[in-house]
Amino acid sequence: MEVLTMKKQIVPIYVLSVLVVLFGVSFTVGGEVETIKIQTPPTVGALPLFWMQEQGVAADLFKLDLTVSPDHQRGLALLSQKDIEMLVTGVNVGAKAYNKGIDVRLVNTNIWGIDYLLTSGFKAESWSDLKGKTLSLPLMGGPLDFLARYFLIHNGVDPDDVEYVYAPSANAAKSFQLGQLDAIVLPEPMVTITLNNYDQAVLSFDLQEEWAKLHDGDNRIPFVGLFVRGDFAQDNPELIDALSAYYQQGVEWVKANPAEAAKLAEKHFGQPAAVVQKSFSRINLNVYPDDEAQGLIEVYFNAIMELYPEMIGGKLPDEQFYFQ
């Protein structure tokens, strides 16, 4: 996978200038710049936001108040209570919340590839090589559980022929490195850390390429998105448009400055910069045009509906789910 692949999409800078001139007043309350509170897990998808915050871009339009937390359910609760305005979380998590009545809208999907299957002491040449093996996944009924079972089924393997071990990724990675597990699915940068620390670890499957084999060669899986509270978006559409455009500039900055971006991750996530920078080669950070992204998301959601419909709330979200 190309380093932090991003389809070339030029952000129209003059549009941002026009937004500043035409809508700058509407972005302020009582003469003060609007503060946007955002919760995010420690993910590469948040680096454009931290770049925006630290560089002070659009400082005359809005101020970002960023909180790092891996607790997605807490984030949804804060969003529904109007304690925060935006949330970085799984695209399926946002869809399920929306279908359950929480007023969230998807501003963009930003991580399209980050997960890999590692094996201990052997290379899996096919999914049938996992028969009778232990496979660690972070959450029963979650995205990686779905993908593992989806790939097994579509490669002619009965999912029941694999022994699943469900545990948080950090704990499972330690067990894997002690030789207590046969296989594990991990995201970056944990893949890089595990390969560095455990000489028996073998990168057997790129989950994105496994997806491509079943979807006309397209390896993009919509994992992580940036969400906004529905009422906030309705009251401030131009503000969200401006933030979205600056976010795309942040993606370009990450691609062009991997060493600096890795230092940003170390500062805010506590992840070693050298490891993060190395992991970038296996992460697809990207923002696609709205219609293209929605089509890719619907392909993913339709596949989810085959196995775990409750993962997205039992149905595909309607058009209002997408902020456009």
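Visitor: How far apart do the C-alpha centres of domain 1 and domain 2 lie?

Guide: In this predicted model, the C-alpha centres of the two domains lie 25 Å apart. Domain 1 is made of residues 34-114 + 223-315, while domain 2 covers 115-213.

Visitor: How do you know that domain 1 and domain 2 are in contact, and how many residues does the contact take from each?

Guide: Contact asks for heavy atoms within 4.5 Å. The contact takes 19 residues from domain 1 and 24 residues from domain 2.

Visitor: What is the area buried between domain 1 and domain 2, and what part of it do carbon and sulfur atoms give?

Guide: About 1800 Å² is buried between them, and carbon and sulfur atoms give 69% of that. The size of an interface is often given in this way, as the accessible area lost when the parts come together.

Visitor: Which residues in domain 1 lose the most area to domain 2?

Guide: They are Ile 114, Arg 282 and Tyr 308, which together make up 35% of what the domain 1 side buries.

Visitor: Why is the meeting of Arg 282 and Glu 188 called a salt bridge?

Guide: Let's set the value against the rule. A side-chain nitrogen of Lys or Arg must come within 4 Å of a carboxyl oxygen of Asp or Glu. The side chains of Arg 282 and Glu 188 meet at 2.6 Å, N to O, so the pair passes the 4 Å cut-off. Across the interface of the two domains, the rule finds one salt bridge. It also finds eight residue pairs in polar contact there, both partners at pLDDT 80 or more.

Visitor: Which elements give two or more residues to the side of domain 1 that touches domain 2?

Guide: Those are β5 (104-113), α12 (273-279) and α13 (290-307). The largest share, six residues, comes from α13. By class, that side of domain 1 has 12 nonpolar, four polar and three charged residues.

Visitor: What makes Glu 85 and Arg 229 a salt bridge?

Guide: Their side chains meet at 3.4 Å, N to O, and the cut-off is 4 Å, so this pair counts too. The pair links distant parts of the chain, 144 residues apart: Glu 85 sits in the loop between α3 (72-80) and β4 (86-90), and Arg 229 in strand β11 (residues 224-229). By this rule the count comes to 12 salt bridges.

Visitor: Where does pLDDT stay under 50?

Guide: Over residues 5-30. Where pLDDT is low, the predicted coordinates should not be read in detail. The mean pLDDT of the chain is 92, and 90% of its residues reach 70 or more.

Key
Residues numbered from 1 in each chain as written. Heavy atoms only, no water. Domains from an automatic or database assignment. Buried area = accessible area lost by both parts, 1.4 Å probe. Polar contact = N/O pair within 3.5 Å; in protein donor to acceptor, adjacent residues only side chain to side chain. Helix = DSSP H or I, 4+ residues; strand = E, 2+ residues; numbered from the N terminus. Nonpolar A, V, L, I, M, F, W, Y, C, P; charged D, E, K, R; others polar. pLDDT = per-residue confidence, 0-100.
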